Each structure stands twice: as structure tokens, then as C-alpha cells.
Amino acid sequence: MSIRNSPEDDRPSTPDIPDDTRVTGAEDVADVPDAPEDDRPSIGRALQQARIDAGLTVEEVSTSTRVRIPIVHAIEEGDFSRCGGDVYARGHVRTLARAVGLDPAALVGQYDAEHGGRPSPTPAAPLFEAERIRPERRRPNWTAAMVAAIVAVIGFVGFTLFNGEGGGSRVNHVAEGPAPAQKATGKPKPPKVVAPPPAPSESAIAAAPKDKVTVKLTATDDKSWISAKARDGKLLFDGLLLKGDSKTFQDDEQLDLILGNAGVIEIFVNGKKVEDKFEAGQVERLSYTKGDPEVG
């Protein structure tokens, strides 16, 4: 007689499973307590409330921190996209926290926790690039420089020509002596009535010192241009002697005269009248020394 197995013996056997490795069911998941939520206010809300408590306006905070007003508003609203990156955002948060009296380290740590940790170091060159407005480099104004150079050259040439012409005409007058007809085209203006200094009398001329040369010139019949120089070349007079006027000159050694209209001039040298007769309109060059009058 054969022995057959019972139906229970045909079932596959299952290995023993330890109690500590048992799979947790849905009822077990429900027993796990929920994680506590972060009840801290947002960074922007904390900064805004601290600013209000400190009695500060956004404009005042922007002025003290140099953070632009739109960026301050954006940070207080929780928008850090206008900061230009995490590095700049952390810097703004730190600066604003100090301005309103909060702990900068705590707010920066909260920012790092909310935005994936502390960012990697950034080169110093682009730091605060989002806020800085680079001035436009101006190109040199070559047109203005060229105009200034041209004006300077024209002014220099004109000044040189003017001085050259003025000097040349003066030398010409001294060398040649203008005729009376060339001095003025119209009637000369009458001289102002001014009490002239007393002219030396003939007795005073006669009493001239012996160790000097003294010359007195008087325009008797008409006006005349005259020039008088001392021995050392010093110009004593250069101008027009009107009718009836007199001029007296004195030097230690010698006087050199140029008379433009010698015929109308009366000459006293060292107290003595010069009897030489000159014609009207005649130009004469005369030199006198100490002692008796002698024409040089």
C-alpha cells in the first residue's frame, strides 16, 4: 500500500522573515508625526517690519545703504531676481539688515537655506555690477582742439603784424619827420584851456648852469613836430609843439633834436638865441653841447 502526501505538503514553503524587517503598512505611516514647519517670517517681511519699526522710509534706507529704491522694494516683497545673482542678493540682505537693526548673519543664513546654500565665490571684478552705472567713455574732441589752435595762430600772427607796423611807423617818424601837411587832414581840435606851467624866461635861460646843456624851443608862427633825446638815448619829448608853446630840455652832456618844421621854431641854447635861419617845412637834425650854442 502506497502513502501519498497531503495537499498541505504540496504548498511551497516560505522562508522565515525576521520581525524587525517587516514591511510597514499604511496604518504604520499614519502613525509618523508630521515635520514641524518653519514659522519664521520671510526675509523681505522681516526687513520691511524692522524698517517700519525703526521709523525709516525706503528712500532713507536707500540713501544710507546705496541700494537702489527699486531693489529695496523688490527684496521687501521677496523678489531677489533684480539683485543680479545670489552673491549680490546676500550682500543686499546683509546691508539692509544692518540698516534696520537686524542680525545680518541670521538673515543671510535664512537666505542660504531657502536658495540652495551659500554660493561659490565670485570674482571681485563684477561685484555690484548690477547697481553700478558705468560712465560712457568720452572720445577726445579733436574739432574743438583744432579750432582753438587755429584761433591761437591767427591771434599770434595779427599781434606780430600789428606790433611790426606800429614799430616801423614810429621809426619812420623819428628818422624822417613828417611835414605839417601830413599830420592832419582836418582842423586840429582846440586844446583844453589849462593853466600851463610857467615857462622859463630868457633871464632864466641865460642863468642856465654852465655844467649842463639847456635848450628852449618856441613855436612862433606855426606848429611843428619835434623830437628831443638825451646823450644816453633817452627820449625826452616826441610830439607836436603848437603855435605859441615852448619846451625846455636839459642834459649833462648833449641834446639831440629833430625839428619837423624848423622855420617856425625859435631856439635858445645855454641862454643864447640861435640865429640860424631855417625855411618853413624844413626838417633839421641838431645837436647841442655845453658852452656856446654850436649846431652839431
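Modeller: A word on conventions before we start: residues are numbered from 1 along each chain as its sequence is written. The model is predicted, so local features need pLDDT of at least 70 and side-chain atom pairs count only at pLDDT 80 or more, while totals for chains, interfaces and linings use all residues, and side-chain values use heavy atoms, with hydrogens and water left out.

Biologist: Happy to begin! What is the mean pLDDT of the protein chain?

Modeller: pLDDT is the predictor's confidence in each residue, from 0 to 100. In this chain 64% of the residues reach 70 or more. The mean pLDDT is 74.

Biologist: How many contacts beyond near neighbours in sequence does the stretch 20-37 have?

Modeller: Contact means heavy atoms within 4.5 Å. The pLDDT is below 50 over residues 20-37. For that stretch, the number of contacts beyond near neighbours in sequence is two.

Biologist: How many helices and strands are there in the protein chain?

Modeller: Both are DSSP runs numbered from the N terminus, helices being H or I with at least four residues and strands E with at least two. The count for the protein chain is nine helices and eight strands.

Biologist: At what angle do the axes of H3 and H5 cross?

Modeller: Axes are lines fitted to C-alpha atoms, for helices over the stretch in contact, and angles run from 0 to 180 degrees between N-to-C directions. H3 covers residues 58-65 and H5 residues 86-100, and their axes come within 10 Å. The crossing angle is roughly 115°.

Biologist: Which residues of H3 and H5 make the contact?

Modeller: The residues divide into four nonpolar, three polar and no charged, where Ala, Val, Leu, Ile, Met, Phe, Trp, Tyr, Cys and Pro count as nonpolar, Asp, Glu, Lys and Arg as charged, and the others, Gly among them, as polar. From H5 come Thr95, Leu96, Ala99 and Val100. From H3 come Val61, Ser64 and Thr65.

Biologist: Why is the pair of Phe80 and Tyr111 classed as it is?

Modeller: Rings of Phe, Tyr and Trp (its six-membered ring) pair if their centres lie within 6.5 Å; planes under 30 degrees apart count as stacked, over 60 as edge-to-face and the rest as tilted. Phe80 is in the loop between H4 and H5, and Tyr111 is in H6, 31 residues apart. The ring centres are 5.1 Å apart and the planes at 70°, so the pair is edge-to-face.

Biologist: And how are the rings of Phe237 and Phe249 arranged?

Modeller: Phe237 lies in strand E3 and Phe249 in strand E4, so the pair ties together parts 12 residues apart in sequence. With centres 6.3 Å apart and planes at 40°, the pair is tilted.

Biologist: Is Ser227 buried or exposed?

Modeller: Buried means under 20% relative accessible area, exposed over 50%, and partly exposed in between (1.4 Å probe, protein chains only). Ser227 sits in strand E2 and touches residues including Phe237 and Ile258. At 4% relative accessibility, Ser227 counts as buried.

Biologist: Where is Arg66, and is it buried or exposed?

Modeller: Most residues other than glycine have a negative phi. Arg66 has a positive phi of about 65°. Arg66 is in the loop between H3 and H4, and at 72% relative accessibility it counts as exposed.

Key: Lists of a residue's contacts leave out its neighbours within four places in sequence.
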